[in-house]
Amino acid sequence: MSTPILELSGVHTHIGAYHILHGVDFAVPAGEVTMLLGRNGAGKTTTLRTIMGLWRVSQGDVRFQGQSLTALGTPEIAHQGIAYVPENMGIFTDLTVKENMVLAARSARNASELDTQRLEWIFGFFPALRKFWLYPAGKLSGGQKQMLAVARAICEPRALILIDEPSKGLAPSIIQNLVTAFNELKRQKTTILLVEQNFMMAKALGDSVAVMDDGRVVHRGAMRELAEDESLQQRLLGLSLGAHQ
Amino acid sequence: MSANTTAATSPAPGRPKPGEPPAGGRPPYSAGGGQQVPKAEFDWKPLLILLGLIVLALPAIGSPSSWLTLTAAGIAMGLIVFVIASGLTLVFGLMDVLNFGHGVFIALGAFVATSVMGGLSGWAGDNGAAQFASVFAAMAVAMAVAGAIGWAFERIIVRPVYGLHLKQILITMGGMIVGEEIIKVIWGPLQIALPLPDVLRGAWYLPLGNGDAAIEKYRVLAAVIGLGVFAAMGHVLARTKVGLLIRAGVQDREMVESLGYRVRRLFVGVFAVGSALAGLGGVMWGLYQQSVTPQIGAQVNVLIFIVIIIGGLGSTLGCFVGALLVGLMANYTGFLAPKVALFSNIGLMVAVLLWRPQGLYPVTNR
């Protein structure tokens with residue numbers, strides 16, 4: 001396993017009066033895809049939001065490239081080189097696809113300053129974004145919005161990409177597009193922390209895995225081992241890969 | 001949707017890596033590289049109603065010269081009202097803050113203008129250019145003072161009540177009362193004259209029909225400033241990254257922060273600019289009335305809220321069209337039926353809301 005780029009140690013998070021994370025511990029190795037799995041309500045989304053500073057760490061530490069993030073605000077955390085694709089995609093529906101991309105590219109003041117070669121690379125994965133470049137993002141289909149959300153996260157090089165359930169509610173063909181894009185990012189050694197309920201997608205992409213339950217990490221290891229062990233899947237996730245094939 | 005199919009079934013093109021030349025050299029900044037892309041249609045109906053009001057007023061008034069005089073006066077009044085309301089529409093439309101204290105920045109701007117123009121009157125003397133300069137100096141100082149006080153107002157009064165509309169109404173109204181009292185302490189409780197300098201007095205006369213249409217000089221200046229403010233707001237919001245950030249921040253503040261931008265700092269700036277525009281509007285309204293009282297803000301507040309409600313609660317274009325409708329209606333009814341003019345704006349608001357309950361150009365995220 002390569003050196004961790006992100007480490008969570010004993011992270012507790014409270015949302016109002018509710019204690020959601022109860023000492024989360026795991027590490028994300030650099031250049032790999034780490035899957036964060038678990039049942040609904042296990043604390044996966046809260047973990048990503050806590051890393052981004054959208055929820056404050058009430059106890060414990062989140063370290064990125066050796067630096068603690070717990071005292072930083074969300075914009076400062078983003079400036080460390082972390083991109084975030086939330087579960088609701090966070091698309092600015094009143095803005096066009098182009099304007100969404102301009103906002104995601106912090107170094108660009110307008111569309112003419114976007115990195116054309118990188119855009120072409122993105123359009124290779126998501127051709128619909130080229131077609132609907134000047135179209136209000138709110139009018140895109142769910143799959144196209146997800147493509148835009150991912151495209152925003154990769155429109156400039158980032159050290160770590162946090163992605164929350166990208167396959168949720170999407171047709172299998174669109175999911176395949178996303179898997180292709182993530183595999184390409186993986187091939188380029190982009191570090192990704194991916195929350196996913198779709199076990200097939202997790203199996204196709206994951207190098208390592210952390211499984212959460214009730215606000216804690218209950219299993220860490222290689223994704224391949226979990227994919228091959230149906231009893232472990234049954235115990236941790238209440239499913240077996242065989243039943244989903 | 002066709003694009004769905006495109007995304008799903010198109011054969012995967014060659015995937016160039018960053019650093020490789022673009023595939024086919026096709027620029028990505030065209031809509032679909034020549035493919036048919038549906039476009040959002042612009043809603044012309046409110047503008048047609050504005051035009052229809054102007055056209056229908058001609059036979060009702062009868063005299064073309066009177067009609068032109070009233071139309072020019074109505075457009076100028078509407079543009080002054082737009083400048084006053086533009087600050088509030090920015091703050092409400094973009095930050096979702098119901099600032100009932102907006103009037104205090106209007107009053108502040110007007111009172112600052114009395115001091116600046118009074119102080120410069122000796123220097124300006126009979127020199128037309130200097131008089132002109134003194135008006136712009138008053139506007140600049142009024143904007144600076146109102147903007148600075150607006151910045152403090154946001155930090156002290158508004159910040160604790162973001163997202164709480166009822167508390168916003170109560171606390172900003174309280175802020176306005178306090179502000180009015182402070183104005184009385186500084187400038188006194190009595191009405192102060194704010195006369196137009198000689199260079200802006202009088203009118204140009206255009207022969208039309210059986211008479212002359214009078215176009216007042218100050219109203220032309222006010223209209224030019226109003227159009228300039230509208231153009232500047234449109235440009236900043238639609239064509240700059242700051243405008244994009246503001247529009248995006250209103251929709252999803254968390255996501256804008258997740259992209260690495262400091263939304264709070266941006267919104268403080270928006271509030272200060274909104275207050276500065278109120279200060280500018282105060283100078284223009286004071287010069288229009290040629291007098292200033294500490295209650296000027298509260299008086300104009302009613303008019304502003306009518307314009308904003310007609311416009312669509314936060315839409316800049318809606319505010320612009322609504323202000324013009326209010327200005328024209330006030331002038332036409334003032335000439336045709338003075339008693340009706342007393343409630344013409346309320347009648348206009350009722351008519352617009354019966355037609356479009358969300359206003360002329362509703363803000364989509366509200």
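User: How many residues does α12(B) have, and what distance does it reach from its first C-alpha to its last?

Analyst: The general idea is that the expected span of a helix is 1.5 Å times one less than its number of residues, where helices (H or I, at least four residues) and strands (E, at least two) are DSSP runs numbered from the N terminus. Here α12(B) has 21 residues and reaches 30 Å from its first C-alpha to its last, close to the 30 Å expected at 1.5 Å a residue. Residues are numbered from 1 along each chain as its sequence is written, while chains are lettered from A and ligands numbered from 1 in the order in which they are written.

User: How many residues of α12(B) are buried?

Analyst: A residue is buried if 20 or more other C-beta atoms lie within 10 Å of its own, exposed if 12 or fewer, and partly exposed in between, with C-beta atoms placed from the backbone. By this rule 17 of the 21 residues of α12(B) are buried, so the helix is largely enclosed by the rest of the structure. For chain B as a whole, with its 366 residues, 45% count as buried, and its secondary structure comes to 14 helices and four strands.

User: At what angle do α2(B) and α12(B) pack?

Analyst: Axes are lines fitted to C-alpha atoms, for helices over the stretch in contact, and angles run from 0 to 180 degrees between N-to-C directions. Helix α2 (residues 45-61) of chain B packs on helix α12 (residues 316-336) of chain B at about 15°, with the axes 10 Å apart. That makes α2(B) roughly parallel to α12(B), since angles under 35 degrees count as roughly parallel, over 145 as roughly antiparallel, 65 to 115 as roughly perpendicular and the rest as oblique. The crossing of α2(B) over α12(B) is left-handed, a label given if the near helix is turned anticlockwise from the far one by less than a right angle, right-handed being the clockwise case.

User: Which residues of α2(B) and α12(B) meet?

Analyst: Two residues are in contact if their C-beta atoms, placed from the backbone, lie within 7 Å. Among those of α2(B) that meet α12(B) are B:L47, B:L50, B:I54 and B:I61, and the residues on the α12(B) side include B:V321, B:L325, B:L328 and B:Y332. An α-helix has 3.6 residues a turn, so residues three or four places apart point the same way.

User: What does α6(A) pack against at an angle of about 10°?

Analyst: The partner is α7(A), and the two axes are 10 Å apart. That makes α6(A) roughly parallel to α7(A). The contact is made by A:G143, A:Q146, A:M147, A:V150 and A:I154 of α6(A) and by A:I174, A:N177, A:L178, A:A181 and A:L185 of α7(A). Twelve of the 13 residues of α6(A) are buried, so this helix is largely enclosed by the rest of the structure. The helix α4(A), residues 116-125, is mostly covered, eight of its ten residues being buried, and these buried residues pack against α5 (127-131), α6 and α7 (172-187) of chain A.

User: Is A:L69 buried or exposed?

Analyst: With 23 C-beta neighbours inside 10 Å, A:L69 counts as buried, although it is found in the loop between β5 (67-68) and α2 (74-79) of chain A. Leaving aside neighbours within four places in sequence, A:L69 is in contact with A:G53, A:V62, A:F64 and A:I77.

User: Where does A:K189 lie, and what is its phi?

Analyst: A:K189 lies in the loop between α7 and β8 (191-195) of chain A, and its phi is positive, about 65°, although it is not a glycine. With 10 other C-beta atoms within 10 Å, A:K189 is exposed. A:Q65, in the loop between β4 (57-64) and β5 of chain A, likewise has a positive phi, of about 50°, without being a glycine, and with 16 C-beta neighbours inside 10 Å it counts as partly exposed.

User: Over which residues of chain B is the pLDDT below 50?

Analyst: Where pLDDT is low, the predicted coordinates should not be read in detail. Chain B averages a pLDDT of 86, and 88% of its residues score at least 70. Over residues 1-28 of chain B, however, the pLDDT is below 50, and this stretch has 59 contacts in the model beyond near neighbours in sequence. Residues 30-34 of chain B also stay under 50, with ten contacts beyond four places in sequence. The scores for the model are ipTM 0.92 and pTM 0.81.

Key:
This is a predicted model: local features need pLDDT of at least 70, side-chain atom pairs count only at pLDDT 80 or more; totals for chains, interfaces and linings use all residues. pLDDT is the predictor's confidence in each residue, from 0 to 100.
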